[in-house]
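Please look at the sequence and the structure first.

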Amino acid sequence: MSIRRLPEHLVNRIAAGEVVERPASALKELVENAIDAGATRIAVKLAGGGIELIEVIDDGCGMAPPEMALALERHATSKLPTDDIEHVATLGFRGEALPSIASVAQLTLESRVRGAEGWSLTVDNGARVAEGPAALPPGTRVRVEALFGRVPARRKFLRSTRAEYAACLDGMKRLAMARPDIAFSVEHDGRRVLSVQGGESRPARVAALTDRALQENSVAIDFEREGLVLGGVASIPTFNRGVADHQYLFVNGRPVKDRLLVGAVRGAYAEMLARDRHPVVALFLDVPPEVVDVNVHPAKTEVRFRDPALARGLIVSGLRRALDAAGHRSVQRPSEAALGLWQQGGVPASTPSSLEEGLGWRDSRTQPGLGETRPHPNFSPEGEGLRHYSGAVRDSGTFFASPPQARAEPARHEAPLATDFPLGVARGQVAKTYIVAEAQDGLVLVDQHAAHERLVLERMRRAMAGGTVPSQALLLAEVVELDEPGCDRLEARIEELRAFGLELERFGPRAMLVRAVPAALGTGDVHGLVTDLADELASFDEALSLKERLDHVAATMACHGSVRAGRILSVAEMNALLREMEVTPHSGQCNHGRPTWVKLAHGDIEKLFGRK
């Protein structure tokens, strides 16, 4: 076959595949054009998640009729006054967006320059069908209808209306965050979903688009090194989320998604956050145009730095300096020599065979609680672990997370010996967080929250295997406010969550009503539980099996149903926790991979004190 030139309409459709992947990418290109045109107000209207309609109205400089016709041709732009692509100062510069969109949709372009008449052009999937005068205020209005309507091969790869809408809304938040001097509004199916006023400060704009509480729980960043300037806001370590969807990165005002920058944020918060928690950050990196390449991909969401190590080091140093100045430093660790003497471990293999099955306790009559000669009420010979945790009897042997009115009692002379149990017997509590136990061969230190988290998770898994998790109805239903995509994700999983004992109901566009929670969790932080579940559902890969998704949900619920650090436990309660650990699979590590207990052998203790 001989070589030939492709038809112009086919060239445009091929190019459109790189620039316009989904409604969100088309919306991004149109809004960036409005920003480059000097707009102070940008209004967006969507229908059907942007698949049926995208309309962008701005009050920018506008275009004359000859310029409008030229703008619909490929590689025609006003944003490169010279032929130097190394010094790009605008968001757009390739001249591909409008012709690419017009080749796969019906596009109506209306514009008016101040002091002149308005003009309108309509292009239907690459063919110009109408033009003429138009009545509109100074600025530009672009209307995109039936995106991919005549390209079924592309349209079938689009996701659901809700998913496409969520992607459009996320893109608008990023663009609005980059330009707090511009007013933005977004309507979807006739309902206003986003509205911010121009002239806001950067921290106020970021908080308005993420979480209002961020302003009170964040630090400002202002750092400079070798001509690179880093600004923005970052949450303190205790203000975090379950997924990294609230990390916004900008380079020279351009929203980007760069692995190098994301890794730098993770490195800056190392040892301050658990591995499954993520900070809320909005970082603005301003660099000389010649040290960054923005012409990596037609979508312009990726950048390449001339000196990647310098950019990464700038972010890590800037974040750590801001966090340190606010007094939120990483926890001090003991010396490496002392730390090396500690070993992580799981439940000893010497557990009696009757316990290896994980079905029950030894006879409680032969295992009295500390200082007791009768069966302790926290033990259940029927195999359900703890019958209650703070004096209130609950179904299925679950814990009820109400604050106990207890304190650690001193050990009595008739207490059982440490040799009776693999994890020893409790001797006290340190910092209201760690249980100190004496075992036959050393000292055991238990993280009470991490340990109980694993126990609750395994209990929920057993309940799921037997049917459903018992639920506890709330006396008053609780309203949890979330963003609309988060509510959509929870609504789509209502039946799966009901199997875990969590009963939810949609309560308007941005709220969920909680009517019941798993009995194992009690009535703790319902708001935090629902918020984290919405985050977890956002991070699920569609390829995950149902079992894997359910495990994610169970782990999130277990974390919220666990006894917290800072809760005072009685010695009987500590011993009850240790005993259930001994009969629960995988209790040597929590749901996030961290150890639940460590042991210091007698010989190691003697070495620490120089006795050996």
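This is a predicted model: local features need pLDDT of at least 70, side-chain atom pairs count only at pLDDT 80 or more; totals for chains, interfaces and linings use all residues.

Residues are numbered from 1 along each chain as its sequence is written, and side-chain values use heavy atoms, with hydrogens and water left out.

Helices (H or I, at least four residues) and strands (E, at least two) are DSSP runs numbered from the N terminus. Two strands pair if DSSP finds at least two bridges between them. Contact means heavy atoms within 4.5 Å. Axes are lines fitted to C-alpha atoms, for helices over the stretch in contact, and angles run from 0 to 180 degrees between N-to-C directions.

**The five-stranded sheet**

An open sheet of 5 strands runs in the order E9-E10-E15-E12-E13. Its pairing is mixed. Strand E9 (218-225) and strand E13 (254-256) form the edges; each has a single partner strand, so one side of each lacks a neighbour in the sheet. From one strand to the next, the twist averages 20°.

E9 and strand E10 (residues 228-235) are antiparallel and joined by 8 bridges. Ser 218 sits opposite Ser 235 in E10. Helix H7 (residues 202-209) packs on this sheet and touches E10 and strand E15 (281-286). Helix H8 (residues 259-268) lies across strand E12 (247-251), E13 and E15.

**The three-stranded sheet**

A second open sheet has 3 strands, ordered E22-E24-E23, with antiparallel pairing. Strand E22 (471-481) and strand E23 (503-506) are the edge strands, each pairing on one side only. The twist here averages 15° from one strand to the next.

E22 pairs with strand E24 (residues 511-518) over 7 bridges, in the antiparallel sense. Ser 471 stands opposite Pro 518 in E24. H13 lies across E23 and E24. Helix H15 (residues 526-539) also packs on the sheet, touching E22, E23 and E24.

| H7 | E10 | about 45° |

**The H6 and H13 pair**

H13 (residues 484-492) also meets helix H6 (residues 161-178): their axes come within 10 Å and cross at roughly 155°. The two helices are therefore roughly antiparallel (angles under 35 degrees count as roughly parallel, over 145 as roughly antiparallel, 65 to 115 as roughly perpendicular and the rest as oblique).

On the H6 side, the contact holds Arg 162, Tyr 165, Ala 166 and Leu 169; on the H13 side, Glu 484, Pro 485, Asp 488 and Glu 491. These residues divide into 4 nonpolar, no polar and 4 charged. Here Ala, Val, Leu, Ile, Met, Phe, Trp, Tyr, Cys and Pro count as nonpolar, Asp, Glu, Lys and Arg as charged, and the others, Gly among them, as polar.

**Arg 277**

Arg 277 lies in the loop between H8 and strand E14 (278-279). Leaving out residues up to four places away in sequence, Arg 277 touches Asn 240, Arg 241, Gly 242 and Asp 532. Its side chain makes a polar contact of 2.8 Å with the side chain of Asn 240. Another, of 3.1 Å, joins the side chains of Arg 277 and Asp 532. A polar contact is a pair of N or O atoms within 3.5 Å; within protein, one must be able to donate a hydrogen and the other to accept it, and residues adjacent in sequence count only if both atoms are side-chain atoms.
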